[in-house]
Amino acid sequence: MHTVKAQAQQTKDVGMLSLQECITIAQDQSAIANAARYALVSSKWEYESFEADLLPSLSLSGDAPGYNKSIFSNILDNGQVTFSSRTQSEASASLSVNQNILPTGGNLSLSSGITRLGIFGNENTYLWQSTPLVVGLSQPLFQFNNLKWRNRTEPLRFEIAQKQFVEEMEDIAQTVTQQFFDVYLAKINLENAEFNVARNDSIYQISQGRYNVGSIAENDLLQSELALRNAESSLTTARIEYERVLNDFKILLGYPTDVMLDLKEPEELPEIAVDVSKARQLAMENNSESLTYRLNEIQADRNLAQAKSEAGFAATLSANFGLNQTSENLADLYNNAQNRQFVTVGFDVPIFNWGKRRAQVNSARNQQQEVANSIDFQRRQFIQQVEYTVSQFLQLRAQALIAAQADTIAQRRYEVAQNRYLIGKIDITNLFIAQEEKDSARQAYIRALRTFWTGWYNLRALTLYDFQNDQPITYQF
């Protein structure tokens, strides 16, 4: 479709487009489709950011050489206070690898570093310190594991974003379908108006001849002339309306309004079998609204778990073990490294807070129940909507076929009425009634086609499934 767009920019003539071609063009180049793609790409990067939290991270930190010259007080052995000056510099660098521990919420780290201290005086002295390897562990105990809950919600959020993108594409198809038939109906109305002006002009000429020979009354002549003037007025209105809806349609497809395009006749209605139970199951599995219900339930459970953990005993275990060494010579810095280790356990025990944490737990528990009941109601409504959509769609094809038959009958009736008028078997009033019924039947048929195809894409958007080809709906972005 990029080829079609490039051709349109050069020749400003797209040509005849079918409904499916219009949908493809809109999904490929319209502003709405591009906005949907940017939203999905943003969600993709957010999900990749979360995945990075589960993987090891490598970081380099340090301090550039710092210079410090100062005077400080010094107490001698005899208790006398004296002042001394000090000039020194210090530089350090450290390389560390950190890994979050998903099941426990802790953090494991490996690091290595080096520090140089320079003391300047009568004789400059340089001291080195190294930590060749330090293994560290920070482990929360009896605390809320945010990473573990994110591991449940973030993949679901990204899945919802992917489903929403497909739904957005199907919504575009539905919008294009609606406007396609709006344009096509306006085109038919314009053609009918042009046809009616030509026919009414002929009828008026015939009526003038009959009036001149006295075979009709002046009232019939005036009625035919009035019908001609009304037809000419309707033609002007139809032409303006056609230009308006056509330009709106061009903008929807992503074209400038000066591009020339026309619409092909809608294709024949396909026979599509849809099983209600299968549609209901697919909607519950695929629709972003249904997945959002599941996400809201998980978030309510998460809030309750967090409130419970914050209301009870909490502790953090911090420990590391490694090697370190000091030397005045850089070459000897890594010889005979000494052990380095420490272990600390920090804890927080709530004793009395006027029932605040108990109230927070009860609040979270009731919010969880509120969400559960609200989602249960929304899920039932959603299922009913799917069942109603399927039931309605199964009747739309039959209604469109009936409208097609009525259109054929009305067209034939007008031809018969016109012939009978020409031989004087019916009056002009009955001819104009047949003409109005012809136009109304054609409009009703186009509207029935519009309703069928709109219902088809609405069903696809609800289930994200192509029942015609029996396969899931996917789009590249």
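Me: At what angle do helix 8 and helix 9 pack, and how far apart are their axes?
Reply: In this predicted model, helix 8 (residues 356–422) and helix 9 (residues 428–463) pack at an angle of about 155°. Their axes lie 7 Å apart.

Me: Roughly parallel or roughly antiparallel, then?
Reply: Angles over 145 degrees count as roughly antiparallel, and helix 8 and helix 9 are therefore roughly antiparallel to each other.

Me: Left-handed or right-handed crossing?
Reply: The crossing of helix 8 past helix 9 is left-handed.

Me: How do the residues of that contact divide into nonpolar, polar and charged?
Reply: The contact of helix 8 with helix 9 comprises 25 nonpolar, 9 polar and 6 charged residues.

Me: Now the backbone. Where does leucine 464 lie?
Reply: Leucine 464 is in the loop between helix 9 and strand 9 (465–466). Its phi is positive, about 50°, although leucine 464 is not a glycine.

Me: Is leucine 464 buried or exposed?
Reply: Leucine 464 counts as buried, at 3% relative accessibility.

Me: And what is the phi of phenylalanine 142?
Reply: Phenylalanine 142, also not a glycine, has a positive phi of about 60°. This residue belongs to the loop between strand 5 (125–141) and helix 4 (146–212).

Me: Buried or exposed, in the case of phenylalanine 142?
Reply: Phenylalanine 142 is exposed, with a relative accessible area of 60%.

Me: Last topic, confidence. What pLDDT does the protein chain average?
Reply: The average is 86, and 94% of the residues score at least 70.

Me: Where does pLDDT stay under 50?
Reply: That applies over residues 1–11, for which the model has 15 contacts beyond four places in sequence.

Technical notes. Residues numbered from 1 in each chain as written. Predicted model: local features only at pLDDT ≥ 70, side-chain atom pairs only at ≥ 80, totals over all residues. Heavy atoms only, no water. pLDDT = per-residue confidence, 0-100. Contact = heavy atoms within 4.5 Å. Axes fitted to C-alpha atoms, helices over the stretch in contact; angles between N-to-C directions. Helix = DSSP H or I, 4+ residues; strand = E, 2+ residues; numbered from the N terminus. Parallel < 35°, antiparallel > 145°, perpendicular 65-115°, else oblique. Left-handed = near helix turned anticlockwise from the far one by under 90°. Nonpolar A, V, L, I, M, F, W, Y, C, P; charged D, E, K, R; others polar. Buried < 20%, exposed > 50% of the residue type's maximum accessible area, 1.4 Å probe, protein only.
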